[in-house]
Amino acid sequence: MVRAAFLVLLLAALAACSPREPLRIGFIGGLSGRVADLGEAGRNGAQIAVEEFNQAGGINGLPVELVVRDDGQNPEKAIAAVNDLVAMRVAAIVGPMTSAMADVVLPIAQRSGVVLVSPTVTARKFFGLDDNLFLVMSSTREEAALSADFHYRHNGTRRVAAIHDLRNRSYTESWLEDFTVAFQALGGDVVPVAYESSPDADVQGIVRRALDSRPDAVLLITSAVDAARFAQNIRAQEPALLLFASQWATTERLIELGGKAVEGMVLHNYFDQASTAEGLQRLRRAYGERFQREPGFAGVAAYDATRAVLEAAARRTGNESLRDALQKRGPFAGAEGDMTFDSSGDSRRVPHITVVQDGRFVVLH
Amino acid sequence: MRLPGGWVLSGEWRLRTSLVVLLVVATVVTFGVIAAGVLAWRVPAALAEDAARMRSEAVRLAHHLEQLLSGLEGRLGALAGLDAGLPPEQGRRLLDAVVAEGGFQAVYLLGRDGRVEHVALPPGWTNAQASLQGADLSRNPLFSAARHLDRRVWSDRYLSALTGESTVGLAIPFADHVLLGEVAPDFAQYAIGSGAEGRANPVLVVDRAGEYVAGRNLAESDRLRNWAADLRDLPDTADGGNGAVRQLGFAGVLHDTGIARSGKLDWTFMVAVPAGLANPQVRATVAIVFGGFLASMLLALVLAPLWASRMSSPLRAMIAETRALTTGKFGGTITRGPIREFNELATDMETMAQAIRERQSELRQSEGYLRQSLQTVRQLNLELEERVERRTADLAHANNELSAAMETLKMAQTELVRSEKLASLGSIVGGVAHELNTPIGNGVMAVSTLHDEVGSFRGEIAKGLRRAALDAFVDRVERGSEIALRNLKRANELIASFKQVAVDQTSVQRRRFRLGEVVDEILLTLQPTLRRTPYTVRARIPAGVEMDSYPGPLGQVLTNLLNNALTHGFEGRHHGLIEIVAEPLADDRVGLTVTDDGIGIPPALADRVFDPFVTSKLGRGGSGLGLHIVWSTVTAVLGGSISFTSEAGHGTTFRVIVPLVAPRQLPAG
């Protein structure tokens with residue numbers, strides 16, 4: 001009898017055999033749906049960072065494991081995903097990629113004490129808070145202010161129609177508000193045009209609404225796909241109207257789907273594609289080899305965010321929490337340069353002003 | 001040997017226990033061996049089968065997809081062919097028809113510059129249609145590729161201009177246009193679904209970059225991760241043809257994965273089945289085998305005791321009945337069981353019991369006889385005792401009589417001895433008298449003759465004395481007096497000897513002396529006599545022999561022995577040697593030997609030589625008392641013993657052994 005029981009146990013052990021528990025980092029982002037490009041790029045960037053780190057020996061010789069979960073840009077899915085990651089006892093979570101999901105995910109992370117390091121969340125409301133959320137990019141305020149200033153001064157824009165996606169309200173409304181405040185402070189005028197993003201959205205209707213206000217420029221606080229569509233439609237009617245967008249739209253998809261319609265569009269990019277920074281070149285090479293496309297800002301930001309998490313985990317001593325390590329043990333080496341987190345876990349990294357030239361994002365200096 | 005659970009393994013087991021153990025062990029071992037064999041054969045076979053199945057599945061899936069794609073391509077191709085010569089309106093309707101057929105979620109007719117001349121969408125997408133119309137898709141990579149290569153191009157990861165989601169696209173250039181077809185996003189899922197129904201195996205399709213395209217029965221993490229690393233360096237058989245097999249991890253479990261690549265889209269198809277122990281077939285086999293094993297062991301554990309019991313119970317009955325035998329209860333029969341040997345044993349036991357019973361009754365008979373005999377014996381014993389008592393009484397009586405007789409005899413003996421002594425004394429006296437008679441008689445005769453002579457002489461004188469007569473007279477007187485002197489001397493000697501015989505024991509002197517000195521004294525006194533003889537006397541006396549004894553008697557003994565040797569031993573001899581040797585002996589004694597090389601003592605006299613008046617010279621000078629005196633002195637006075645050896649013609653040795661300290665004399669009795 002004893003022998004049988006022992007054999008059964010042995011079977012079970014064999015079946016469930018697993019290696020030593022490595023350090024786990026979670027990733028949460030939209031890997032399906034309309035903003036899948038963001039999530040995908042984020043995951044890929046995080047992946048490259050983890051693989052690089054493991055190749056360099058990992059933490060105390062143990063490899064780091066990246067656990068990926070899809071929030072599908074859907075609140076329920078996001079809650080399930082983050083709970084799942086928490087249950088797996090991840091040391092930190094890279095993500096989420098959008099402010100809408102951050103709204104949903106942060107309370108859970110806060111409760112369970114897990115650190116969130118988001119590559120691309122920039123809604124203002126998340127800044128300046130002493131919470132578990134660490135942000136890699138500056139808030140929408142800096143970006144919007146930069147944008148407002150640029151357009152008012154350089155381009156003489158006075159009236160802007162701002163088409164913004166209510167599906168990512170946290171981000172878009174934050175951006176819009178920051179831009180409006182800055183632009184109005186300068187003396188400009190902003191006409192908001194809200195819409196809900198969907199495959200069969202009435203793009204033409206929205207464009208008509210925007211153009212009816214006779215703007216000098218149209219601001220697109222939308223995803224790349226939508227921005228491309230809007231661009232196509234606006235160009236059909238106004239071939240020369242200035243178009244500009246938030247960083248959200250600054251992905252390859254914009255160019256793929258926008259074609260010539262997006263030429264000359266002014267955007268913001270987290271990094272300078274033409275930079276000769278060794279880390280950036282290495283990242284673009286690895287990313288291109290692996291995934292056959294450009295990392296985009298989401299990829300680079302996720303790479304930077306993951307690197308920060310891993311370096312903080314490696315540098316912390318004794319019983320120091322990862323959160324403290326992130327705050328105190330910087331600066332952390334990113335692809336393009338170093339980054340630090342302040343006491344609220346915020347960074348100051350303002351995206352460069354970028355323009356689409358010949359199907360490429362080119363930083364304006 | 002102590003086992004856990006309080007069992008003790010001694011050298012001896014109960015039959016039942018050892019039978020149970022035997023049965024269980026046999027079952028377990030047998031099944032174990034069979035199980036091992038089955039597993040060793042079946043498990044690898046099952047795994048290999050499954051792996052091969054997976055491979056062919058993957059290949060089939062790839063083919064299926066390619067077929068579907070070919071179908072779609074065909075449709076679009078046909079359309080492209082047709083469209084060239086059709087009026088635009090009709091062309092558009094055809095496009096719509098194609099989309100309506102399903103498979104494509106959108107078909108764009110793009111002009112040379114990449115502008116959308118027409119887009120056919122499923123019904124209900126009116127807004128999209130409107131917004132897409134005229135859109136610039138010049139930067140669309142698929143369009144660029146088709147335009148550049150001027151042939152049909154399939155994209156693998158294509159971002160839908162319509163939805164922004166990734167799907168598959170096909171671009172067919174014709175004339176100045178490009179037909180761009182976006183395949184419905186669930187197309188891949190549909191392809192998999194129709195091809196791999198009713199299975200629980202993970203199915204995964206990834207694109208060229210290793211990103212998930214479609215799949216079934218996959219964990220979230222497998223869907224979200226990138227598979228490029230796992231699919232590196234696939235053998236060429238993976239493309240088209242036969243596919244390949246590799247072990248990949250799905251949901252953390254290693255699976256045997258059949259891999260096939262589709263050439264058209266550069267997609268990789270994977271169909272997996274859990275490897276090793278996770279494989280359901282293997283699991284089932286192992287479960288069956290182990291189940292069987294456990295069942296057999298259980299069965300053995302249940303049946304074995306029963307069977308063992310059944311085997312050992314007749315033995316137990318036999319043991320009980322045998323035990324009954326040992327306490328004397330015969331007559332029962334032993335129950336038979338199914339084991340032949342035990343039955344034979346039972347038969348033999350019964351026979352033995354029968355034999356024992358018979359023997360017992362025989363014994364009882366014998367016992368009876370024995371008892372009888374015992375009675376008889378007791379009876380006889382009693383009689384015997386009585387007889388013995390009587391005899392003893394008789395014997396005692398006889399003994400008494402004998403004792404009385406003995407006393408009488410002793411008295412008679414004493415009397416005899418006394419009378420003997422008296423007789424010997426008498427004979428001694430007689431002998432003495434006899435002895436003395438001769439010399440005294442002779443002397444008397446001689447003196448009387450002298451007396452007569454004197455008388456005659458007187459007469460002579462009267463007549464006138466003549467010289468001749470005087471000479472004659474003197475002669476006669478001399479002769480006569482010589483004879484008288486000789487005889488009187490002889491009588492003196494005899495009397496001296498007689499005196500020695502009756503030794504006055506209380507007047508003899510005792511002192512301490514050295515034996516050597518006494519012997520030298522004796523030899524000295526003997527010297528005058530010896531000088532006249534041709535014989536030699538040699539003495540060897542050790543220096544330190546000190547005695548506390550009677551030197552006089554001792555000297556006498558020695559003198560007598562020497563005299564004996566000189567007078568008797570050397571009779572007729574012209575040379576002779578007498579050796580006197582003393583040696584200390586144990587127990588504070590000394591041995592004195594007097595050895596002569598004379599003629600020896602005649603054997604006839606040997607026994608009586610120490611008796612009085614025993615001599616070889618009776619009548620010729622020997623009184624026959626010498627040795628008697630010696631014997632008497634040695635034994636009575638010196639407290640020793642004397643013995644002799646003699647060989648006729650060669651000599652005689654007298655051996656005297658006396659204590660160094662003579663015993664105190666008892667009053668002569």
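Student: At what angle do helix α2 and α11 of chain A pack?

Tutor: This is a predicted model, in which local features need pLDDT of at least 70 and side-chain atom pairs count only at pLDDT 80 or more. Residues are numbered from 1 along each chain as its sequence is written, and side-chain values use heavy atoms, without hydrogens and water. α2(A) covers residues 36–55, helices being DSSP runs (H or I, at least four residues) numbered from the N terminus. With axes (lines fitted to C-alpha atoms over the stretch in contact, angles from 0 to 180 degrees between N-to-C directions) that lie 7 Å apart, α2(A) and α11(A) pack at about 40°.

Student: How many nonpolar residues are in the contact of α2(A) with α11(A)?

Tutor: Contact means heavy atoms within 4.5 Å; among the residues that meet are A:G45 and A:A49 in α2(A), and A:A302 and A:T306 in α11(A). Gly counts as polar, whereas Ala, Val, Leu, Ile, Met, Phe, Trp, Tyr, Cys and Pro count as nonpolar. Beside four polar and two charged residues, the nonpolar number is 13.

Student: Why is α11(A) described as largely enclosed by the rest of the structure?

Tutor: Buried means under 20% relative accessible area, with a 1.4 Å probe and protein chains only. α11(A) is largely enclosed because its buried residues number 18 of the 20.

Methods:
Chains are lettered from A and ligands numbered from 1 in the order in which they are written. Helices (H or I, at least four residues) and strands (E, at least two) are DSSP runs, numbered from the N terminus. Buried means under 20% relative accessible area, exposed over 50%, partly exposed in between (1.4 Å probe, protein chains only).
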